[in-house]
Amino acid sequence: MWKVIGQDRVVSLLQRSLERGSVAHAYLVVGPPHVGKMTLALNLAQALNCQGDAPPCSLCDACQRIDSGRHADVQIIGLDSGNLAEIGIDQIRQMQHSSSLPPFEGKYKVFIIDQAELMSIEAANCLLKTLEEPAAGVVFILLATSGGVLPATVVSRCQQLELSPLPTSRVEDVLSQRWGVEQPRAGLLARLCHGCLGWAISAAFDERLLKLRAERLEGLLDILNGDYEQRFSYVTQLVAWFGQSRRLVQEILDLWLDWWRDLLLVKLGSGGTITNIDHEAMLVNVAGGYRLGQIRSVINGIQTTGGQLRQNANPRLVFEVLMLSIPVGSGG
Ligand SMILES: [Zn+2]
């Protein structure tokens, strides 16, 4: 049984390749964070090594060992605690060495590269050599937010599988029916996750995620109400976070974007479609303090910030420009 939910097209494509014995030697699974890329990759690893009649059966010894991260032939490569900025060449070399040895207990060796976009250039070039000379019984599964963030030479050697965010109503149904999450919590989580079910499920059972969101929203509101001095000291904080984890800063920018889009929707009288449904009254109040054009220009500013950071612009400069673009003293 495939565990990944709402990705029927990709699952049936994989199912057919498995039945025909025409499995690719490398896959690139793309989609936003928490959309189900790792779940799909582990499911595929199970399907390749399953000992049951209907792979992935999720019940046999191989499926269960993969599920609990104890299968010797399935390895996950990602950021390690020694280097949170990039996946280095040493990690890829180790993987290459391991891939040159026959499977230890299963039928296939499966290497899953999580956040493959964080590979250093040297690491990606090193991986490319492996992909150019595929060995039998080895499958590489790269996970990334999109194909565009990886070298074209790497992408061209992988079969690409695109996972799409689920509709909000589907997430809400899965949360309530499969995970027993009650309303209004299910509705809120379904909106906050933007179709990325994994985040909603995690947040349903881990209070820290909603707490973190509350802290970040508070930070945003402080900025709106703060003067430039406060804003620039927040920039220093953002720059430090950016040095630790780009994804963390992107999450903060995404939350800001949600907030400002909600303000726009409220301003336009479409409050029913907002993301932050638990802050509706506050959004209405805050929206009253801005003109439509101001809200639009902050939204543009946040989007530009994200784009410039991805193009490796100087983060301090980029954040400072963003802070200057937010109107002062009308935050409600
Ligand atoms: Zn199985």
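In which sense do strand 1 and strand 4 pair, and over how many bridges? In this predicted model, strand 1 (residues 26–30) and strand 4 (residues 138–144) pair in the parallel sense over five bridges, where strands are DSSP runs of E of at least two residues, numbered from the N terminus, and pairing requires that DSSP finds at least two bridges between two strands. Within this pair, Val29 stands opposite Leu143 of strand 4. Residues are numbered from 1 along each chain as its sequence is written. Local features were considered at pLDDT of at least 70 and side-chain atom pairs at pLDDT 80 or more, whereas totals for chains, interfaces and linings use all residues of the predicted model, and side-chain values use heavy atoms, without hydrogens or water.

The open sheet comprises five strands in the order 2-3-4-1-5, with parallel pairing. On average, neighbouring strands are turned by 20° against each other, direction ignored (axes are lines fitted to C-alpha atoms, for helices over the stretch in contact; angles between N-to-C directions run from 0 to 180 degrees).

The zinc ion is coordinated at 2.3 Å by the SG atoms of Cys50, Cys57, Cys60 and Cys63, donors being N, O and S atoms within 2.8 Å of the metal (3.2 Å for Na, K and Ca). Along the chain, these donors follow the spacing C-x6-C-x2-C-x2-C. Cys50 and Cys57 are both buried (under 20% relative accessible area, 1.4 Å probe, protein chains only).

Note on methods. Helices (H or I, at least four residues) and strands (E, at least two) are DSSP runs, numbered from the N terminus. Buried means under 20% relative accessible area, exposed over 50%, partly exposed in between (1.4 Å probe, protein chains only).
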